Amino acid sequence: MTAPQSNPHPVRVAMFSAQPYDRRFFEEARAAGGPGRGDIAIDYHDTALDIGTAVLAQGCGAVCVFVNDVLDAAVLERLHGGGVRAILLRCAGFNNVDLAALARLGMFAARVPAYSPEAVAEHALAMILTLNRHTHRAFNRVREGNFALDGLLGFTLHGKTAGIVGTGKIGLATARILRGFGCRVLGYDPYPSPAFEALGSMVPLDELLELSDIVSLHCPLTEATRHLVSHATLGRMKAGAMLVNTSRGALVDTAAVIEALKSRRLGALAIDVYEQESALFFRDHSSDIIADDVFGRLTSFPNVLITGHQGFFTVEALREIAAITFDNLACWRSGGACANMLPSPD
Ligand SMILES: NC(=O)c1ccc[n+]([C@@H]2O[C@H](COP(=O)([O-])OP(=O)(O)OC[C@H]3O[C@@H](n4cnc5c(N)ncnc54)[C@H](O)[C@@H]3O)[C@@H](O)[C@H]2O)c1
């Protein structure tokens, strides 16, 4: 990406997909003070960014976006035409950004590469424990006076093998917690991970799939990882294993996973992310008729647990996201070096 441009003037930022908690943590971070936080106006829009809503950023110097905002070439061009020169991602993943268009337009773009990896790792563990010991079902049963244990049978996590696909920050944090539970951990990553070697063994993906009782995905979504979990990879997994995805929905071919659940080859599925989540997540649809039949099928399985992309959702992580986003903005405005800029296109 291009170097930051010096911009000492007051700046207006259009924040898309802004939820009440975003406003709360960004306003708290602004009130706490820090470089360049005083002369910024933030327009909070609850709508997502796409080609139809990009006009809301007209006259703003920067936009602040989240995981399901669309930043393809057409949207970036429209933003650029309206005066936007900086893209501030308040998330780690940037699979929703067209890097080539960004470079062509010479726009600044920075993300929050790490904000409490433990927050996401702990959520992965919450999902594993809930799904395995059925605490979500027990909670409802007990409230109805039903103390029968039938259907709540789990397995002892101690001594099981957990496979971590992607041994970066969140994968490592997840491996550390699983080690604490007495699991043997295996890791797969195309890049060497010496830190992981202290916790477990790095193995080829096929070996990890064959040996793991739990497979947890912690790699980014790229063209190489799209549908990493497919008919073929599901076929290599240990029969009855649990699959956990807290990374990005499109790592998993949902149709293939539904087939594997129906054939009982896949034992259980925990997902915090879903390939078509942008139409559903972060909104209250409890009074709507949900048209997504694939999602509807997923919710019908007793051995599927779904949360709505909340892995990041802790006080500590939201504080960190707001603080680092303001730092990234200050970097752009000062023209200084910014360690969090998105990489150049391949
Ligand atoms: N659910 C949530 O709320 C939430 C929050 C933050 C991040 N995430 C997701 O978690 C992912 C991981 O985050 P992180 O901070 O650990 O990132 P990271 O960059 O520290 O680690 C990602 C690792 O994946 C590895 N990798 C790349 N290609 C791979 C492949 N083909 N197979 C296996 N591994 C591969 C990389 O080498 C790296 O070690 C992010 O990309 C994001 O999609 C989800």
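My entries on this structure follow.

**Ground rules.** I'm working with a predicted model, where local features need pLDDT of at least 70, side-chain atom pairs count only at pLDDT 80 or more, and totals for chains, interfaces and linings use all residues. Residues are numbered from 1 along each chain as its sequence is written, and side-chain values use heavy atoms, with hydrogens and water left out.

**Strands.** Strand 1 pairs in the parallel sense with strand 2 (residues 40–44) over five bridges; pairing takes at least two DSSP bridges between two strands. Val11 has Ile40 as its bridge partner there.

Next I traced an open sheet of seven strands, with parallel pairing and the order 8-7-6-9-10-11-12. Strand 8 (201–202) and strand 12 (304–306) are at the edges with a single partner strand each, so one side of each has no neighbour in the sheet. Inside that order, strand 6 (residues 161–165) and strand 9 (residues 214–217) share four bridges, with Gly163 opposite Val215.

**Cysteines.** How many disulfides does the structure hold? I found zero, a disulfide being a pair of cysteine sulfur atoms within 2.5 Å. For Cys60, the closest cysteine sulfur is in Cys64, 11 Å away, so that is too far for a bond. Cys219 has its closest cysteine sulfur in Cys91, 16 Å off and also too far. Cys60 is buried at 2%, and Cys219 is buried at 10%.

**Salt bridges.** I noted eleven, counting a side-chain nitrogen of Lys or Arg within 4 Å of a carboxyl oxygen of Asp or Glu. One of them joins Glu27 and Arg30, with the closest N and O atoms 2.9 Å apart. These two sit three residues apart in helix 1 (residues 20–31), so about one helical turn separates them.

Arg37 bridges to Asp327 at 3.6 Å. That pair links distant parts of the chain, 290 residues apart: Arg37 in the loop between helix 1 and strand 2, Asp327 in helix 12 (residues 315–334). Arg37 is buried at 9%, whereas Asp327 is partly exposed at 36%.

Note on methods: Buried < 20%, exposed > 50% of the residue type's maximum accessible area, 1.4 Å probe, protein only.
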